[in-house]
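Student: I have a structure open and would like to learn how to read its side-chain contacts. Could you walk me through them?

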Amino acid sequence: MHVKRSPLISMAAFAMIALFLPFTRPAWAEAPDLILAAPPELAETGLPKHLFPRFRFKSRIRLALAKPGEKADMEIAPEPPGTPVFTERATGRIWYLRLPPEGSPGRDRAEAFLAWLQSKPGRAAIASFPPGGDPLFAPAEAVAAIEKAPVFTGDPLRGHEIARRHCMRCHVVDDENPYAGIGSTPSFAAMRSFPDWQDTFAAFWAANPHRAVVTVEDMSEEKDPDHPLHVAPVLLTQKDLDDLMAYVATIKPKDLGKPIEFR
C-alpha cells in the first residue's frame, strides 16, 4: 500500500538535516592548525595518523601531514637536529621532532605537541601502536635510556667468573648461590638497582673496605707493609674491571620497593 507523505513532514525533516549538517562536517574539511612533514616511510606506518586524533582530543589542536611540496610548520626525521621522541623497536633508529624557530607562528602549538609526546598519555599512545599488534615504536623515555646507555666492551662471561671467584666472599653474586657472602652486604642485584651503580662498581676497589684487600695493577696505591693482610689478597687488572662491569650490566636490578617515608 502506498502512503502519501505530507509536504509539511518532508520540509520539517529537511530543516532538521540542514540544522544538523554544520555539526557533522567531516574532520578532513577543517583546516589544520599545524602541518607536520614526515618521510613516506614513517607516514606509511600509520603512526602519525594514530597520534593526531589523540593529541587533538587533549589539546583541541588539529594536525595534518604535509602533502608533497606543501610547506610544513614542523618536521620529524630519523636524524638530528631535534628532540628525540620515539625509536623503532626493530632497528633502534631514533626519530627527532624539529620545531619551528622561536617566535614563528605556531611555535606554541608545536611545543604543545612535543610536550604531549613526552607526557604519560603521549608515551602510551606511541607504545600502543599498532593497536592489537606487536608494538613498533618505543616512547621518548626509552629513547633517552638508549642514548645514555653506556657501552661496555668487556667480556661478561669472564666477568661473571671473576665475581664468583672473588666477590662471593662477601656478596651474593647470582641466583646460583643465594646464600653466599655475608648477610650484612648487599647482593649484586640489589646494588644494580642503585641509580649510581656504574660509579659504585667502577671504583669499588678504591673504597673501603675493598681498598685494603683489592689491588688493581698500575692503579692501586701500594699497601702498607706494616699492616699485613689477614685474608688472601685480590689482584686484578684493568681488563678484569672491564669484564666485571660488563657482567654487572647484564644483571636484572632487584626491585627494592619504594623508599621509606619518614613523617
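Student: Is Glu 75 buried, partly exposed or exposed, and why?

Tutor: Glu 75 has a relative accessibility of 33%, so Glu 75 counts as partly exposed; the label buried needs a value under 20%, and exposed one over 50%. Keep in mind that this is a predicted model.

Student: Which side chain does Glu 75 meet in a salt bridge?

Tutor: Its partner is Arg 98, with 3.4 Å from N to O.

Student: How many salt bridges does a search of the whole structure find?

Tutor: The search gives 12 salt bridges. One of them joins the side chains of Glu 88 and Arg 93, at 2.8 Å from N to O. Glu 88 counts as buried because its relative accessibility is 16%, while Arg 93, at 29%, counts as partly exposed.

Student: What separates Glu 111 and Arg 107 in helix α4?

Tutor: These two are 4 residues apart in helix α4, so about one helical turn lies between them.

Student: Which residues are linked in a network of salt bridges?

Tutor: Arg 158, Lys 239, Asp 240 and Asp 243 are linked in this way.

Student: Now the rings, please. By what is a pair of aromatic rings described?

Tutor: Two values describe such a pair, namely how far apart the centres are and the angle of the planes. In this model the count of aromatic pairs comes to 9. Phe 52 and Phe 113 form one that is edge-to-face, with 6.5 Å centre to centre and 70° between the planes. Phe 52 sits in helix α3 (residues 47-59) and Phe 113 in helix α4 (residues 107-118), so their pair ties together parts that are 61 residues apart in sequence. Both Phe 52 and Phe 113 are buried.

Student: Why is the pair of Phe 129 and Phe 137 tilted?

Tutor: The planes of Phe 129 and Phe 137 stand at 35°, with the ring centres 6.3 Å apart, so this pair is tilted. Stacked would need planes under 30 degrees apart, and edge-to-face over 60. Phe 129 is buried, with a relative accessible area of 6%, and Phe 137 is buried as well, with 3%.

Student: Which residues do ring pairs link into a cluster?

Tutor: The cluster consists of Phe 52, Phe 55, Phe 113 and Trp 116, so you meet the edge-to-face pair of Phe 52 and Phe 113 again there.

Student: Where does the charged end of Arg 192 sit?

Tutor: You will find it over the ring of Trp 197, 4.1 Å from the ring's centre. Arg 60 is placed over the face of Phe 57, and there the distance from the ring centre is 5.9 Å.

Student: Last topic, the strands. In which sense do strand β1 and strand β2 pair?

Tutor: Strand β1 (residues 34-37) pairs with strand β2 (residues 63-65) in the parallel sense, over 3 bridges. To find the place on your screen, look for Ile 35, which stands opposite Ala 64 in β2. The pairing of β1 and β3 is in the parallel sense too, over 2 bridges, and here Leu 36 stands opposite Met 74 in β3.

Notes. Residues numbered from 1 in each chain as written. Predicted model: local features only at pLDDT ≥ 70, side-chain atom pairs only at ≥ 80, totals over all residues. Heavy atoms only, no water. Phe/Tyr/Trp six-rings, centres within 6.5 Å; stacked < 30°, edge-to-face > 60°. Buried < 20%, exposed > 50% of the residue type's maximum accessible area, 1.4 Å probe, protein only. Lys NZ or Arg CZ within 6 Å of the ring centre and 35° of its normal. Salt bridge = Lys/Arg side-chain N within 4 Å of Asp/Glu carboxyl O. Pairing = 2+ DSSP bridges.
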